[in-house]
Amino acid sequence: KERYSNSMTGLELLLRSRLGDLMGVKGQLPALAALAEQHVGWRSVEFLGRSRFRALQGDLQGALELALAGLEITPPLRHPFYAALAANHMALLTELGRHDEAVERARHYTSLIGNEQISSADVTLRAAIALARGGHHDEAVRALTPQIELAERAGRTALAVGMLYEGRARVAIEAGDGAAFEEYARRCQE
């Protein structure tokens, strides 16, 4: 019973972060710090939480430093929050305008999860946006399309598929593809 008593803390962090809930993310930080103090595996999640909090405050460079610290102590593909840390890393590089680095990391992370046959919509989404902003529009579409198809086949709805449609619409904007933008913007509204 006690083993899983805090399992929702990390998931709540991800959801509040995705929704842009600054105060909600801030509210998770004390619980994450306490868990990290007790269990080494939670340190990665604490770094993620602190990074997302800094990003929501507008301190992207500080957020990137915390993201890198979290990745440094997190074994690739061996921690349940590795994909979230990787997605956060790409998003921050992209937001900072460091497109070459973001593209390099996008290719690295998607290759890593692809080689292990792991499906991570968040990594794929952030990679596609990084690729598109870096001018690699076709590659971004190729990365995102299978994730969208998988979500549709699985019958996912609301946020689960909506974030992918929004990401595809953002790729269309970067590519100057008005028809694709209209299509995916419409799907976001369904």
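How many residues does helix α8 (residues 137-153) have, and how far does it reach from its first C-alpha to its last? Helix α8 has 17 residues and reaches 24 Å, close to the 24 Å expected at 1.5 Å a residue. The expected span here is 1.5 Å times one less than the number of residues.

## Ground rules

This is a predicted model, where local features need pLDDT of at least 70, side-chain atom pairs count only at pLDDT 80 or more, and totals for chains, interfaces and linings use all residues. Residues are numbered from 1 along each chain as its sequence is written, and side-chain values use heavy atoms, with hydrogens and water left out. Helices (H or I, at least four residues) are DSSP runs, numbered from the N terminus.

## Helix α8 and its bend

Back to α8: the helix bends by about 25 degrees at Leu 144, and Pro 146 follows within four residues. The bend is the angle between axes fitted to the seven residues ending at a position and the seven starting there. Just after α8, Gly 155 takes a positive phi of about 75 degrees.

The buried residues of α8 are Ala 140, Leu 144, Gln 147, Ile 148 and Ala 151; buried means under 20% relative accessible area (1.4 Å probe, protein chains only). They pack against α7 (121-133), α9 and α10. Leu 144, the bend residue, touches Thr 124, Leu 125, Ala 128, Leu 164, Gly 167, Arg 168 and Val 171, leaving aside residues up to four places away in sequence. Contact means heavy atoms within 4.5 Å.

## The nonpolar core

Leu 144 turns up again in the largest nonpolar core, which has 51 residues; Leu 144 is among those with the most contacts inside it, along with Leu 92, Tyr 109, Val 123 and Leu 164. Such a core is a set of buried Ala, Val, Leu, Ile, Met, Phe, Trp, Tyr and Cys residues joined through side-chain atoms within 4.5 Å. At least two core residues come from each of α2 (22-38), α3 (43-57), α4 (60-72), α5, α6, α7, α8 and α9. The largest share, 9 residues, is from α7.

## Two tyrosine pairs

There are 2 aromatic pairs in the structure. Rings of Phe, Tyr and Trp (its six-membered ring) pair if their centres lie within 6.5 Å; planes under 30 degrees apart are stacked, over 60 edge-to-face and the rest tilted. Tyr 82 and Tyr 109 have ring centres 6.3 Å apart and planes at 75 degrees, so they count as edge-to-face. Tyr 82 sits in α5 (residues 82-95) and Tyr 109 in α6 (residues 99-115), so the pair ties together parts 27 residues apart in sequence. Tyr 82 is buried at 6% relative accessible area, and Tyr 109 is buried at 3%.

The other pair is Tyr 165 and Tyr 184: with centres 6.1 Å apart and planes at 50 degrees, it's tilted. This one links Tyr 165 in α9 (residues 159-175) to Tyr 184 in α10 (residues 178-189), 19 residues apart. Both are buried, Tyr 165 at 9% and Tyr 184 at 14%.

Thr 9 lies in α1 (residues 7-18) and, at 12% relative accessibility, counts as buried. Setting aside residues up to four places away in sequence, Thr 9 touches Gln 28, Ala 31, Leu 32, Leu 35 and Trp 42.

As for α3, its buried residues include Phe 47, Leu 48, Arg 52 and Phe 53. Among what covers the buried residues of α3 are α1, α2, α4 and α5. Just after α3, Gly 58 takes a positive phi of about 100 degrees.

Key
Buried means under 20% relative accessible area, exposed over 50%, partly exposed in between (1.4 Å probe, protein chains only).
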